[in-house]
Amino acid sequence: MRTLKKTFQAHAKVNFCLHVLGRRPDGYHDVAMLMQQISLADQVMIEVSDGNDIQINCPGLKLVPGEINIAEKAARSLLSHVGESLRLKISIKKHIPAAAGMGGGSSDAATVLVGLNRMLGLDLSKQELMNLGVKLGADVPFFIFDQTAWATGIGDHLEAWPGMPPMSLVLVNPGIAVSTAWVYQNLGLTHTSSVAKLPKFPEGIPAVVRLLHNDLEAVTVQRFPVIDEIKKRLIAGGACGALMSGSGPTVFGVFSSFEKADRAAKELASHYGWWTQAARLK
Ligand code: ATP
């Protein structure tokens, strides 16, 4: 085959709400989450040619010795599913901070599954790709689903949630890596009420701000109080609401315009030295 080469955007996500409903016998947790992709994205370049090996280049990402990049796992799982042997070169330019609650690794994996499916003309359905994706990580199916979603189960049962009002976000990351597994291990499940009802479609930003809720926040804040400080600074800087995303530590503030968000992001970065970024919804 001639060499095929294509670059894809792997977008980050935030959770507008994240309710933990209980621990399951298999160790996973049942959750109910409102998930939204945003403009911040990694760039994933995939090159396909004849052969039988996978090379991955992902500068700046620190993996523990022996750990395999989830994008490589995604490529292996797709090729073995369709019984193909090929030479793949995958280069990832990380823009999404890792272990930050923004689903960067999951999004890279989803992008490889969707990208290879398209490049190789495999014609696998979204559902088939999502079935492969969930074996790599609970958030992977959401990025394949590719719409604002109400996610239940372990995060893999997805219902489209249309009608998200336009808004901009400021993302703030204090430069700490937080392991999702650690957060769940330290979550005392005091709260097991049935909040998990699909929220009504929001009318305007205030309705979305009323939904902001994250059961994991208290766990991560206890270890890293800077998260509370960031929330306060975002509100003082003009955000209508602020919340930690996923297992953290990234916090996002909701703004009514991109200009306001961009100004606040620049001010916070210059005062506190945190990684900040203004973003739009995808
Ligand atoms: P989530 O919100 O889905 O729990 P996260 O944003 O907190 O995820 P990720 O950025 O997806 O976390 O990464 C979690 C871990 O996965 C990293 O600490 C790293 O060890 C590993 N990893 C493997 N491949 C990647 C990748 N391509 N990008 C980021 N992390 C990766």
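Strand 1 and strand 8 (residues 213-214) pair in the parallel sense over two bridges. Strands here are DSSP runs of E with at least two residues, helices are runs of H or I with at least four, and both are numbered from the N terminus. Two strands count as paired if DSSP finds at least two bridges between them. In this pairing, Leu18 stands opposite Asn214 in strand 8. The model is predicted, so local features need pLDDT of at least 70 and side-chain atom pairs count only at pLDDT 80 or more, while totals for chains, interfaces and linings use all residues. Residues are numbered from 1 along each chain as its sequence is written, and side-chain values use heavy atoms, with hydrogens and water left out.

Strand 1 also pairs with strand 2 (residues 29-49). Here the sense is antiparallel, and the pairing runs over 17 bridges. Cys17 stands opposite Leu34 in strand 2. The two strands form a hairpin, with five residues between them. Gly27 lies in the turn and has a positive phi of about 95 degrees. Strand 1 spans residues 4-23 and is mostly covered. Of its 20 residues, 14 are buried. Buried means under 20% relative accessible area, exposed means over 50%, and partly exposed lies in between (1.4 Å probe, protein chains only).

Pockets were searched for next. The search used a 1 Å grid over the protein atoms alone. A pocket is an open set of points with protein on both sides within 12 Å along at least five of seven lines; a cavity, by contrast, is a set of points where a 1.4 Å probe fits but cannot get out. Lining residues have an atom within 4 Å of a point. Grid points are joined across faces, edges and corners, and a volume is the space filled by probe spheres set on the points.

The largest pocket has a volume of about 1,500 Å³. Its lining holds 50 residues, and those nearest its centre are Ala99, Ser106, Ser179, Thr180 and Ala181. Strand 1, strand 2, helix 1 (70-82), helix 2 (104-119) and helix 5 (180-185) each give two or more residues to this lining. By class, the lining has 24 nonpolar, 17 polar and nine charged residues. The nonpolar class is Ala, Val, Leu, Ile, Met, Phe, Trp, Tyr, Cys and Pro; the charged class is Asp, Glu, Lys and Arg; the others, Gly among them, are polar. The largest pocket lies between domain 1 (4-160) and domain 2 (168-280), because both give residues to its lining. The domain bounds come from an automatic or database domain assignment.

The second largest pocket has a volume of about 310 Å³. It is lined by 19 residues, and Thr111, Val114, Arg118, Phe143 and Asp146 are the closest to its centre. Strand 1, helix 2, helix 3 (126-134) and helix 4 (140-145) each supply at least two lining residues. Helix 2 gives the most, with seven. The lining divides into eight nonpolar, seven polar and four charged residues.

Three aromatic pairs are found in the whole structure. Rings of Phe, Tyr and Trp (its six-membered ring) pair if their centres lie within 6.5 Å; planes under 30 degrees apart count as stacked, over 60 as edge-to-face and the rest as tilted. The rings of Phe16 and Phe252 have centres 5.6 Å apart and planes at 85 degrees, so this pair is edge-to-face. It links distant parts of the chain: Phe16 is in strand 1, Phe252 is in strand 10 (residues 251-255), and 236 residues separate them. Both Phe16 and Phe252 are buried. The rings of Tyr272 and Trp274 have centres 4.5 Å apart and planes at 15 degrees, so this pair is stacked. Tyr272 is partly exposed, at 35% relative accessibility. Trp274 is buried, at 12%.

Some backbone details lie in loops. The peptide bond from Gly248 to Pro249 is cis, with omega near 5 degrees. Pro249 sits in the loop between strand 9 (241-244) and strand 10. Ala99 is not a glycine, yet its phi is positive, near 50 degrees. Ala99 belongs to the loop between strand 4 (87-93) and helix 2, and it is partly exposed at 40% relative accessibility. Asp123 also has a positive phi, near 65 degrees. Asp123 lies in the loop between helix 2 and helix 3, and it is exposed, with a relative accessible area of 71%.
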